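Have the structure open while you read.

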Amino acid sequence: MTDAVNAAERKVLDWLAEQRGTMLALLETLVNTDGGSHDKEGVDKVGAHLRSFMEGQGVACETIPNEQFGDALRATVSGNGAGAVGGNSTIMLLGHRDTVFPKGEPTRRPFRIENGRAYGPGVCDMKAGLVMNAFVLAAFQKHGGAPAPLVGLFTSDEEIGSPACRPLIEAEARRARAVFNSEPGRPGNAVVTGRKGCVFMRLAITGKAAHSGANFGDGISAIEELAHKIIRLHALTDLDRGITLNVGLISGGQTVNTTAPSAEAEVDLRFVKPADYDETIAKVREIVATSYVPGTTSEMTIYGQFLPLVETQSQSLYAHYAACAEAVGDPVTSTFTGGCADSGFAAAMGAPTICAVGPVGGKPHSPEEYLEVDSLVPRAQNLALTIMRMGAN
Ligand SMILES: [Zn+2]
């Protein structure tokens, strides 16, 4: 059952459709602005472009400074009172401004459009989503506010696990009725209703160096210890439960004729259910604490993590979004992914959350990254109608 779009709704959707050219112009500016996660100056410049566009549209913006990474940008549009419900009353639009690319990438591969697809660093992940969020905020500013206050959070460090912005995302999500993360929509016009959580760990093993010919018995091999641990860590994988362990990097040793005094590894754990995190980490710690080669010692540090987006928590918001997309004439599907994103942090605060509501694209983090240009307007309209129809219930 799909309610036809009424005249007031149509006005907002039409305004968004008229902005296609300006959306693409802002997208071009953002793509051509450098902004790897560690390039504070660049990530801030991307924020300045967004801020100047939104302020030009009357959208209130504030900068939340950060010394190490890019500043966070927070934009707000007041509610019109139609959908005021108790404490959790905002609607949050989320997106990250950083990319995974090295400095100078936009000069090497500037924004271009070819056969209906746009290319350039971060074009779908996720500068198109940022443009969409900025225009949706502008649309509500222009047309008398949203049913509930809108908060647009434009973060700076998602690609490295959001060390600086995670607390901001959590604080906003705690008072949100709904969170929409505008990561790229997936082929098949899909949005993401479930994501795995992940943990990145560094393992350091200490042994003892000795000449492997003259004094073999004095040596303690950290590499041998690492080998034992790798086998046991990988054995924790349980594909049926969606738990995977991947030792993705190893290094160690000194020379071929020395027993290895040290060895290191980096390990990626993925999981679906929050409870699987505690259980698996406990098993990992047990493996780390055990010395399979007597005399070795090991230390493990967690240097990055994302929480899962749990599917049961996105179901009713997805149903509402899908009905609105149907009414717009842009029917969507839903999908689960092993990839992680900021939506997991929002969902963990209890906020109904859906992800990948941004314009559709593919091949992120690669030179072939592309955006389907024709998805820019419909995805903005889907989000806008979804917001307009978030009344008091
Ligand atoms: Zn992304």
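## A crossing helix pair

Helices α2 and α11 sit roughly perpendicular to each other, because an angle from 65 to 115 degrees counts as that and theirs is about 105°. This is a predicted model, and in it the two axes are 10 Å apart. To find the pair, look at residues 20-31 for α2 and residues 376-388 for α11.

## A cis peptide bond

Most peptide bonds are trans. The bond joining D125 and M126 is cis, with omega at about -10°. M126 is part of helix α5, which covers residues 123-142.

Most residues other than glycine have a negative phi. N115 has a positive one, near 50°, and so does S162, whose phi is near 55°.

Where do N115 and S162 sit? N115 belongs to the loop between β4 (112-114) and β5 (117-119). S162 is in the loop that lies between β6 (150-155) and α6 (166-174).

Buried or exposed: which is N115, and which is S162? N115 has 78% relative accessibility, so it counts as exposed, the cut-off being over 50%. S162 has a relative accessible area of 1% and is therefore buried, since buried means under 20%.

Methods. Residues are numbered from 1 along each chain as its sequence is written. This is a predicted model: local features need pLDDT of at least 70, side-chain atom pairs count only at pLDDT 80 or more; totals for chains, interfaces and linings use all residues. Side-chain values use heavy atoms; hydrogens and water are left out. Axes are lines fitted to C-alpha atoms, for helices over the stretch in contact, and angles run from 0 to 180 degrees between N-to-C directions. Helices (H or I, at least four residues) and strands (E, at least two) are DSSP runs, numbered from the N terminus. Angles under 35 degrees count as roughly parallel, over 145 as roughly antiparallel, 65 to 115 as roughly perpendicular and the rest as oblique. Buried means under 20% relative accessible area, exposed over 50%, partly exposed in between (1.4 Å probe, protein chains only).
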